[in-house]
Amino acid sequence: MVLYDIKNATNEELKALIESSSNDNQLFAAADSVRRRHYGDEVYLRGLIEFTNYCKNDCYYCGIRRSNRQADRYRLSKDEIMQCCNIGYGLGYRTFVLQGGEDPYYTDNRICEIVSEIHSEYPDCAVTLSIGEKSKESYQQYYDAGARRYLLRHETANDAHYKKLHPNGMSGAERKQCLYWLKEIGYQVGTGFMVGSPFQTTENLIEDLRFMQELMPDMIGIGPYISHSQTPFSSFTGGTLELTLRMIAILRLMFPYSLIPATTALGTVDATGREKGLKAGANVVMPNLSPVNVRKQYELYDNKICTGEESAQCRGCLERRVNSVGYRIVNSRGDVRR
């Protein structure tokens, strides 16, 4: 199989590539070559604002699940969110990502007020939302208020696997429908999955790739599964750095235009995981702009890194890390290049 033509690979060829480390060096080199062809050595910043850790859902893998009575809950006010944006803008961020649990307190009107104010105050910036499953009408309202990107990981494209990760009342089909609605409205759409999640098989990963070939997302976020001690999956072994890097490289070759982050989870499982993610084809980093006093409370998994640094420290640290492996951070919106 020619690695540059991986989008035409058969399921059997993908299975062999996913399960073996023998092609890793060639795979990573090919992925890096493709990302450089499309994006050069540029790495884009996404200023992450984790504005609520309340969630109405009870996903079995997530530390902020509804049933976790030990979670120390918080919500940021609109003024606090705007303060985060102000700090981020001064540090060169031109994309703000509002991420939170599915918190009913933040009604459509509240979300639209926040989005509209960010859009008005920082018209040269992109506003990204990552707030879960909503109605098509809600997504349209956010778009009309100024949001232009939406992140919604499908988690797994296989319905049976989805049911093993989520309680009754949640549906993989509904999540996929949300992604198609977002595309119809005109968002730049991001999806993704956990690598090494409980009960995941190679066939599940291949199904994820096939689903994304249908969806053609602009952004793809993946990271290794890391367990949280206050969930039903606390005893499960986490996903590996090696398989996650392999999947990043495959995704870069399959979706050359895509924006792929080197995630915080990568840096949590390996001290230089984010740098390795960039070398495997990633071209985005997502430093935290949330107030330091709440960062440890947004704990989707145990031992999350970068919870004690001020935003300026995060920015400087990441710049040095990115430069150390031959790339450079640029102060731009970093829109997808199709």
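This is a predicted model: local features need pLDDT of at least 70, side-chain atom pairs count only at pLDDT 80 or more; totals for chains, interfaces and linings use all residues.
Entry: I looked up which way the side chains point. Thr95, Val97 and Gln99 point one way from β3. Phe96, Leu98 and Gly100 point the other way, and residues of both groups are buried.

**Entry: partners of β3.** I checked the pairing with β2 (residues 47-52) and found five bridges joining it to β3, with the two strands running parallel. For Gly47, I noted Phe96 as the bridge partner in β3. I then followed the chain from β2 through helix α3 (residues 78-90) to β3, and these elements make a right-handed β-α-β unit.

I next looked at β4 (residues 126-130), which pairs with β3 in the parallel sense over five bridges. Here the chain crosses from β3 through helix α4 (residues 108-121) to β4, and I recorded this β-α-β crossover as right-handed. Opposite Val97 I found Thr128 of β4, and opposite Gln99 I found Ser130 of β4.

**Entry: the whole sheet.** I wrote down the strand order as β2-β3-β4-β5-β6-β7, an open sheet of six strands with parallel pairing. I marked β2 and β7 as the edge strands, since each pairs on one side only. Ignoring direction, I have neighbouring strands turned by 20° against each other on average.

**Entry: helices on the sheet.** I found α9 packed on the sheet, where it touches β6 and β7, and its direction makes about 165° with that of β7. Helix α7 (residues 172-185) lies across β5 (149-151) and β6 (188-195), and I noted that it runs at about 155° to β6.

**Entry: the core.** Which residues of the largest nonpolar core touch the most other members? I have Ile118, Tyr142, Tyr187 and Met247, in a core of 104 residues. The element that gives the most to this core is α9, with 10 residues. I listed contacts of Tyr142 beyond four places in sequence; among them are Ile111, Val115, Leu129, Lys134 and Tyr187.

**Entry: Ser227.** I located Ser227 in the loop between β7 (219-224) and α9 (241-254). Is Ser227 buried or exposed? I put Ser227 down as buried because its relative accessible area is 16%, and the cut-off for buried is under 20%. Leaving aside neighbours within four places in sequence, I found Ser227 in contact with Phe233, Ser234, Phe236, Tyr301 and Asp302.

Definitions and conventions
Residues are numbered from 1 along each chain as its sequence is written. Side-chain values use heavy atoms; hydrogens and water are left out. Helices (H or I, at least four residues) and strands (E, at least two) are DSSP runs, numbered from the N terminus. Buried means under 20% relative accessible area, exposed over 50%, partly exposed in between (1.4 Å probe, protein chains only). Contact means heavy atoms within 4.5 Å. Two strands pair if DSSP finds at least two bridges between them. A crossover is right-handed if, with the strands pointing away from the viewer, the path from the first strand over the helix to the second runs clockwise. A nonpolar core is a set of buried Ala, Val, Leu, Ile, Met, Phe, Trp, Tyr and Cys residues joined through side-chain atoms within 4.5 Å. Axes are lines fitted to C-alpha atoms, for helices over the stretch in contact, and angles run from 0 to 180 degrees between N-to-C directions.
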